[in-house]
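Please read the points in order, with the structure in view.

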Amino acid sequence: MKKRESLKIQHTHTIEFCVSDIASAIAAVHGGATSLELCANRLEGGVSPSLGFVEECVRVCRNLSVEVHVLVRPRPGGFVYDQEEFEVILRDISAYINAGVDGNAFRSRSLCLRCSNFAPFCSCL
């Protein structure tokens, strides 16, 4: 009688926690998080977190195979941004990328989905 080989199927799931302080980030990692979404002011729907918080989370997660994503939202309220707010968004994204994040979470009703330009000044429309 041949010994049956067991078939191992590996399931990959993302377990993401939204956190707004370093203690919560560490607790989420110890609790099995595979990804963190960082934000501030969750009671207002979330806004962009501080760069120091982002850098510390990246440092904590760097060697633990935990991805770090950052909510990019310059203020609470709607998702229509003016040109100045869009400039802030671009600077925040650049700073977060330089800090080593794996990705950004962003929602806007101000961007052209064809060319990613600020919609009021887009030539696609």
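**Note on the predicted model**

1. Glu37 deserves attention at the outset: this residue is buried but forms no salt bridge. The nearest side chain of opposite charge is that of Arg73, at 9.2 Å. A salt bridge would need a side-chain nitrogen of Lys or Arg within 4 Å of a carboxyl oxygen.

2. The surroundings of Glu37 can be listed. Glu37 belongs to strand E2. Leaving aside residues up to four places away in sequence, Glu37 touches Glu16, Phe17, Cys18, Val19, His69, Leu71 and Ala105.

3. The overall architecture is as follows. Three helices and four strands make up the elements of the protein chain, and from the N terminus on they run β-α-β-α-β-α-β.

4. Some totals describe the chain as a whole. The protein chain has 125 residues, of which 31% count as buried. Its accessible surface comes to about 8,600 Å², and carbon and sulfur atoms account for 52% of that area. Among contacts with a separation of 6 or more, 55% join residues 24 or more positions apart.

5. The largest nonpolar core comprises 21 residues, and those with the most contacts inside it are Val19, Leu36, Leu38, Val54 and Val101. At least two core residues come from each of helix H1 (22-30), strand E2 (35-38), helix H2 (51-61), strand E3 (67-72) and helix H3 (83-99). The greatest contribution is that of H2, which gives five residues.

6. Not counting residues up to four places away in sequence, Leu36 touches Glu16, Phe17, Val19, Ala25, Ala28, Val29, Cys61, Val66, Glu67, Val68 and His69.

7. Where do the buried residues of H2 lie when seen down the axis of the helix? The residues concerned are Phe53, Val54, Cys57, Val58 and Cys61. They fall within an arc of 135°, so they line one face of H2. These buried residues pack against strand E1 (16-19), H1, E2, E3 and H3.

8. H1 can be described in the same terms. Its buried residues are Ala25, Ala28 and Val29. Seen down the helix axis, the buried residues of H1 fall within an arc of 100°, so they line one face of the helix. Their cover includes E1, E2 and H2. On the face of H1 turned away from the buried side are the exposed residues Ala23 and His30.

9. Glu55 and Gly100 are 45 residues apart in sequence, and their C-alpha atoms are 7.6 Å apart in space.

10. Phe86 lies in helix H3. With a relative accessible area of 9%, Phe86 is buried, because buried means under 20%. Phe86 and Pro74 are 12 residues apart in sequence, with a C-alpha to C-alpha distance of 8.6 Å.

Definitions and conventions: Residues are numbered from 1 along each chain as its sequence is written. This is a predicted model: local features need pLDDT of at least 70, side-chain atom pairs count only at pLDDT 80 or more; totals for chains, interfaces and linings use all residues. Side-chain values use heavy atoms; hydrogens and water are left out. Buried means under 20% relative accessible area, exposed over 50%, partly exposed in between (1.4 Å probe, protein chains only). Contact means heavy atoms within 4.5 Å. Accessible areas come from the Shrake-Rupley method with a 1.4 Å probe; for residues, only the protein chains shown count as cover. A nonpolar core is a set of buried Ala, Val, Leu, Ile, Met, Phe, Trp, Tyr and Cys residues joined through side-chain atoms within 4.5 Å. Lys and Arg count as positive and Asp and Glu as negative; His and the chain ends are not counted. The arc is that of the directions from the helix axis to the C-beta atoms.
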